[in-house]
Amino acid sequence: MTSPSKTDPTAPEAGPTITTADPAGVTVGVGGRAGPLRRLRTASKLDKVRWVIVYSTDLVTLLSLIGLYTLYLQWQAGMLPVLAAGAAVLLVVFFVICLRPFRVAVRGGPRPTKLLAVSGGIALLLAVVAVVWALPSWLAALTPFVRKRTIALASTGLIVALALIGSLSGARLADVLALVLVMTFLTVLSVVATWANLRLWRLAQEAHEGEEALARLAVSEERLRFARDLNDLLGQSLTDVAARAGHAEERLPLDPEAAAAEMFEVRDLARRSLREVRAVVQNYRALDLDEVLASVRAVLEAAGVRCAVRADTAALSPESRTLLATVVREGTTNVLKHSRAERCEIRIENGVLEMSNDGVSGPVGRHAPNGLAGLAERVRAAGGSLEAAPTPEGRYLLRAAVPA
């Protein structure tokens, strides 16, 4: 039955659609345009980790289906067909039910007591007809919702009970020992694997939350840096405007012409400050790296500079793409304004930008604070590095490395 499902916070966004949850808690479109392949490509890293963990845990539950082979052997040995078929159906139902508890644990939901009780009852009924393979899977389903000591005691009790039942039933000692060894191995494997996968999922969640916290911190630091730059810029400019306006006010009664000239200077200062503010704001806007590369190439070739671009930008984060786009744009401005370049090469690989040109002539001065020097500070703040200097081959190399 199809019904709208609750979306997981880490699930990728899709268009309006009626969805249903698959066994791993992944929404599958019924009426939307996003198919499974597209969802796989657009899924976040945390989604993919969850899928791997959930489906690998299903292998533990899959061990219970060994009981189908046991039932087949018993049917061949003379078990009633109706009894064998009924036990097989119960085993399949048990398998389906036991897929659910771990998914509930992954989503952080409450303990599914009814599911665990029903699956436990089925496991005991199957044990009556000597199909004991469901018991380790049931203990694995119980593992995420009880303490380690509790599951250890339950596992030990299970093994001891099987040994006693085997001994009292008159089975050979070798058969009893073999059963105990196999059940001990399967129980330990099932419980430990389930616990380890759950622990791995929680570590993955913590790592994801840490990355999000770092991203928010980086945004906050960038905003603080932007506020500081505006404060430095506007603070000095507004101080000058206030001082000159005060001088004009003082001169107005005695020398109207000088006061008027002073006000013209105030106007020019205000206009210059506005241009500087706009330039700062423009530098902080998000840029599309691919568009900037295409635009830069067209501008350079229009100016008579042959430009070769080799860029692998698919794996870059949005922040790194914006940062490299800003560096490329500033580097292009320097090529056009401060060099006589005929060739320019731009290469981006693994988060490293190398932009070189052959237009160097003579020594290179210090970088302007609002140019490459300011960009170098931004790149360092993002965890990267920026260098710009002539090379021994007579070229000028701008190299920026940012987190990929």
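Helix H13 (residues 372-381) lies across E6 and E7, at about 150° to E6. The model is predicted.

Me: In what order do the five strands of the open sheet lie?

Reply: The order is E3-E4-E5-E7-E6, with mixed pairing. Strand E3 (306-311) and strand E6 (385-390) stand at the edges; each has a single partner strand, so one side of each lacks a neighbour in the sheet. From one strand to the next, the twist averages 5°.

Me: In which sense do E6 and strand E7 pair?

Reply: E6 and E7 (residues 396-401) are antiparallel, over six bridges. Ser 385, for instance, has Ala 401 in E7 as its bridge partner.

Me: Which helix packs on the sheet and touches E3?

Reply: Helix H11 (residues 289-302) does, touching E3 and strand E4 (343-349); the direction of H11 makes about 165° with that of E3.

Me: Is Ser 320 buried or exposed?

Reply: A residue counts as buried under 20% relative accessible area. Ser 320 has 5%, so Ser 320 is buried. Ser 320 belongs to helix H12 (residues 318-338), and its side chain reaches the backbone oxygen of Pro 403 at 2.5 Å. Beyond neighbours within four places in sequence, Ser 320 contacts Val 402 and Pro 403.

Me: How many aromatic pairs are there?

Reply: The count is one. The ring centres of Tyr 72 and Trp 75 are 6.1 Å apart and the planes meet at 50°, so the pair is tilted. Both residues belong to helix H3 (residues 66-76), and because they are three residues apart, about one helical turn separates them. Tyr 72 is partly exposed at 44% relative accessible area, and Trp 75 is partly exposed at 41%.

Definitions and conventions: Residues are numbered from 1 along each chain as its sequence is written. This is a predicted model: local features need pLDDT of at least 70, side-chain atom pairs count only at pLDDT 80 or more; totals for chains, interfaces and linings use all residues. Side-chain values use heavy atoms; hydrogens and water are left out. Helices (H or I, at least four residues) and strands (E, at least two) are DSSP runs, numbered from the N terminus. Buried means under 20% relative accessible area, exposed over 50%, partly exposed in between (1.4 Å probe, protein chains only). A polar contact is a pair of N or O atoms within 3.5 Å; within protein, one must be able to donate a hydrogen and the other to accept it, and residues adjacent in sequence count only if both atoms are side-chain atoms. Contact means heavy atoms within 4.5 Å. Rings of Phe, Tyr and Trp (its six-membered ring) pair if their centres lie within 6.5 Å; planes under 30 degrees apart count as stacked, over 60 as edge-to-face and the rest as tilted. Two strands pair if DSSP finds at least two bridges between them. Axes are lines fitted to C-alpha atoms, for helices over the stretch in contact, and angles run from 0 to 180 degrees between N-to-C directions.
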